[in-house]
Amino acid sequence: MDSYVPILHPPGARLRRFIVVGARAKSSADFKLHALGDSGGRMDILVRCIRAAMLVADGVRRDTQLDLLLLGGNDAPLALRMDGATIRFLRPDERRNARLLQRALAARHAGVDAEMVAPGIAAARRSLEDLAGEAMPPNLFVLDRHGDDLRGVRIADASATFVVGDDLGLSEAHREALVQCGARRVSVGPAEVHTEDAITLVHNELDRRAVATG
Ligand SMILES: C[S@@+](CC[C@H](N)C(=O)[O-])C[C@H]1O[C@@H](n2cnc3c(N)ncnc32)[C@H](O)[C@@H]1O
């Protein structure tokens, strides 16, 4: 029995969406929970992104979606979408979130293009171009240390999508595809930070703006 009941983080008018590109992250449940990095194609990074993107100290960010793009293994490309509005069983505990992710992947049915695999988690065979194409410029951003400082970037409309790489960063082909989709490069600061920290810094900036604008 699950005793943890996430507290609602009140949804804002703006949807926040993060796309994390797992360059070699397994697109199947075929990885070991005690060796997420080696056996999962750096699935450990993606699991840390779940906490950074979806959780605050007192519960779930209901205004946030997280797309984990899994590009490793035979089922790639596969996108797992976590929707803060409906997701359940998230924890600050990485091991439990890794298990949630693994179970979601194991629940997929062979040959099905898109399906719900757990409460608030959908799986679909999608490329980065597919995912980025859901966002309308100027609301599509690529997180890049050499981009424009996010603090000075106006986010025009009701929602914003941010694409971030894993430890390998984004490939040239992915960068080019994002440019074609109209993405703007934005920086969260001068230091090259870890993937999950870049997400945290974006949330922090948007949280501050939300308070400032009421
Ligand atoms: C650990 S970094 C990748 C480092 C990789 N060696 C590279 O050259 O891209 C992971 C991701 O975090 C994001 N990132 C890291 N530092 C950032 C910064 N200062 N501003 C914006 N995004 C950043 C980028 O999307 C990057 O692909």
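Mentor: Let's begin with helix α5, whose buried residues pack against β2 (15-26), β5 (64-72), α4 (128-133), β9 (140-149) and β10 (159-165). Keep in mind that this is a predicted model.

Trainee: What counts as packing against an element here?
Mentor: The word rests on contact, and contact means heavy atoms within 4.5 Å. The buried residues of α5 pack in this sense against strands β2, β5, β9 and β10 and helix α4.

Trainee: Which residues of α5 are the buried ones?
Mentor: In helix α5 (residues 172-180), they are H174, A177 and L178. They span an arc of only 100 degrees around the axis, so they sit on the same side of α5.

Trainee: And what does the face turned away from that buried side carry?
Mentor: That face has the exposed residues E172, A173, V179 and Q180. To be called exposed, a residue needs over 50% relative accessible area.

Trainee: What comes just after α5?
Mentor: There you find G182, with a positive phi of about 90 degrees.

Trainee: Let's turn to H203. Why is H203 called buried?
Mentor: Set the value against the cut-off: buried means under 20% relative accessible area. H203 has 1% relative accessibility, so H203 counts as buried.

Trainee: Where does H203 lie, and which residues does H203 touch?
Mentor: H203 is part of helix α6 (residues 195-213). Apart from neighbours within four places in sequence, its contacts are R16, F18, A52, A53, R61 and T64.

Trainee: What are the distances for A191 and V193?
Mentor: A polar backbone atom of A191 lies 2.8 Å from a nitrogen atom of the ligand. For V193, a polar backbone atom is 3.0 Å from a nitrogen atom of the ligand. The ligand taken alone exposes 560 Å², and the protein buries 80% of that.

Trainee: Which element gives the largest share of the shell around the ligand?
Mentor: β9 does, with 3 residues. β9, β10 and β11 (184-187) each supply at least two.

Trainee: How do the shell residues divide by type?
Mentor: There are 7 nonpolar, 5 polar and 5 charged residues.

Terms used
Residues numbered from 1 in each chain as written. Predicted model: local features only at pLDDT ≥ 70, side-chain atom pairs only at ≥ 80, totals over all residues. Heavy atoms only, no water. Helix = DSSP H or I, 4+ residues; strand = E, 2+ residues; numbered from the N terminus. Buried < 20%, exposed > 50% of the residue type's maximum accessible area, 1.4 Å probe, protein only. Arc of directions from axis to C-beta. Polar contact = N/O pair within 3.5 Å; in protein donor to acceptor, adjacent residues only side chain to side chain. Areas by Shrake-Rupley, 256 points an atom, 1.4 Å probe, with all protein chains shown as cover. Nonpolar A, V, L, I, M, F, W, Y, C, P; charged D, E, K, R; others polar.
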